[in-house]
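Subject: The structure we talked about

Hi,

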Amino acid sequence: MQQAQKNIELSSLELTKINIKQRLASSYYNFQRIKEKERLYSQLDNLFTDFTAIANRRYEIGETNYLDKITAASKQQQIRLNYEEAKKNSENAYNQLKAIIQSNDSLTIARQPFLKVMVLPLEIENSTSINYYQK
C-alpha cells in the first residue's frame, strides 16, 4: 500500500514539473513575441514621427493640403498608441514570466529570433499523465 502511494506521489510530482515547464516555455515565447511587436512599433513610431514632421513642413510651404497634414498626424498618433500598448503588454508578459520563475531579482532575457517550433509526436504509452491516472 505504501509503495502504491509513493508511486502516486512521484507521478504527481512529475506532472507538476511538466506543468511548470510548459507554463514557463509558453510564457517565454509569449514574452519574446510581445517584445518583438514592441520593437516593431518603436520603429514605426520613429518613422511616422519623421513622416508627420515632413508633412507639416510640406503644408507650411504649400506643397500639400491640410487633409494630408492631419492624416499624417492621425496615423502617427495611432501608431504611438499601439506602441504604448505594446510596451504595457511587454511589461505584463515580463512580470508573468518572473512570477513563474519566482525570483526577486530582475531578469535579463536575451532577444531571440523566431524559429519554427517542432511538433513532436505524442507518445501515449509513456505519458506521465496516463501513468498517474492508472496508478
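A word on terms before the first finding: patches are made of residues with over 30% relative accessible area and no salt bridge, and nonpolar side chains are joined into one within 5 Å. Please keep in mind that this is a predicted model.

With that in hand, which residues form a nonpolar patch on the surface? They are Tyr59, Tyr66, Leu67 and Ile70, and together they have about 380 Å² of accessible area. Helix H2, which covers residues 66–101, gives the most to the patch, with 3 residues. Tyrosine 59 sits in helix H1, residues 2–60. Its relative accessible area is 34%, so tyrosine 59 is partly exposed and passes the 30% cut-off for patches.

**The overall layout**

The chain has 3 helices and 0 strands, and reads as α-α-α along the sequence. Of its 135 residues, 16% count as buried. The accessible surface comes to about 10,800 Å², and carbon and sulfur atoms account for 53% of that. If you take the contacts between residues at least 6 apart in sequence, 75% of them join residues at least 24 apart.

**Helix H2 and what lies under it**

How far apart are the end C-alpha atoms of H2? They are 53 Å apart, which agrees with the 52 Å that its 36 residues should span at 1.5 Å a residue. The buried residues of H2 are Ala72, Gln76, Ile79, Tyr83, Ala86, Ser90, Ala93, Tyr94, Leu97 and Ile100, and they pack against H1.

The largest nonpolar core has 5 residues in all: Phe31, Ile34, Ala93, Tyr94 and Leu97. H1 and H2 each supply at least two residues of this core, with H2 giving the most, 3 residues. Apart from residues up to four places away in sequence, isoleucine 34 touches Ala86, Asn89, Ser90 and Ala93.

**Salt bridges**

How many salt bridges does a search of the whole structure find? There are 8. As a reminder, side chains of opposite charge can pair when their charged atoms come close. Here are three of the bridges.

- Glutamate 38 pairs with lysine 35, with 3.2 Å between the closest N and O atoms. Both lie in helix H1, 3 residues apart, which is about one turn of the helix. Glutamate 38 counts as buried at 13% relative accessibility, whereas lysine 35 is partly exposed at 37%.
- Arginine 111 and glutamate 36 meet through their side chains at 3.1 Å, N to O. Arginine 111 lies in the loop between H2 and helix H3 (128–134) and glutamate 36 in helix H1, so this pair ties together parts that are 75 residues apart in sequence. Arginine 111 counts as exposed, at 56% relative accessibility, while glutamate 36 is buried, with a relative accessible area of 18%.
- Glutamate 63 bridges to arginine 58, the closest N and O atoms being 3.3 Å apart. Glutamate 63 is exposed, with a relative accessible area of 52%, and arginine 58 is partly exposed, at 38%.

There is also a network: salt bridges that share partners join Glu36, Arg39 and Arg111.

**After the end of H2**

Just after H2, glutamine 102 takes a positive phi of about 60°. Is serine 106 buried or exposed? It counts as exposed, at 60% relative accessibility. Even so, leaving aside neighbours within four places in sequence, serine 106 is in contact with Tyr94 and Lys98. Tyr94 is also one of the residues of the largest nonpolar core. From serine 106 to asparagine 95 the distance is 9.9 Å, C-alpha to C-alpha, and the two are 11 residues apart in sequence.

Happy to go through any of this with you on screen.

Best wishes

Key:
Residues are numbered from 1 along each chain as its sequence is written. This is a predicted model: local features need pLDDT of at least 70, side-chain atom pairs count only at pLDDT 80 or more; totals for chains, interfaces and linings use all residues. Side-chain values use heavy atoms; hydrogens and water are left out. Patches are made of residues with over 30% relative accessible area and no salt bridge: like charges are joined within 9 Å, nonpolar side chains (Val, Leu, Ile, Met, Phe, Trp, Tyr) within 5 Å. Accessible areas come from the Shrake-Rupley method with a 1.4 Å probe; for residues, only the protein chains shown count as cover. A salt bridge is a side-chain nitrogen of Lys or Arg within 4 Å of a carboxyl oxygen of Asp or Glu. Helices (H or I, at least four residues) and strands (E, at least two) are DSSP runs, numbered from the N terminus. Buried means under 20% relative accessible area, exposed over 50%, partly exposed in between (1.4 Å probe, protein chains only). A nonpolar core is a set of buried Ala, Val, Leu, Ile, Met, Phe, Trp, Tyr and Cys residues joined through side-chain atoms within 4.5 Å. Contact means heavy atoms within 4.5 Å. The expected span of a helix is 1.5 Å times one less than its number of residues.
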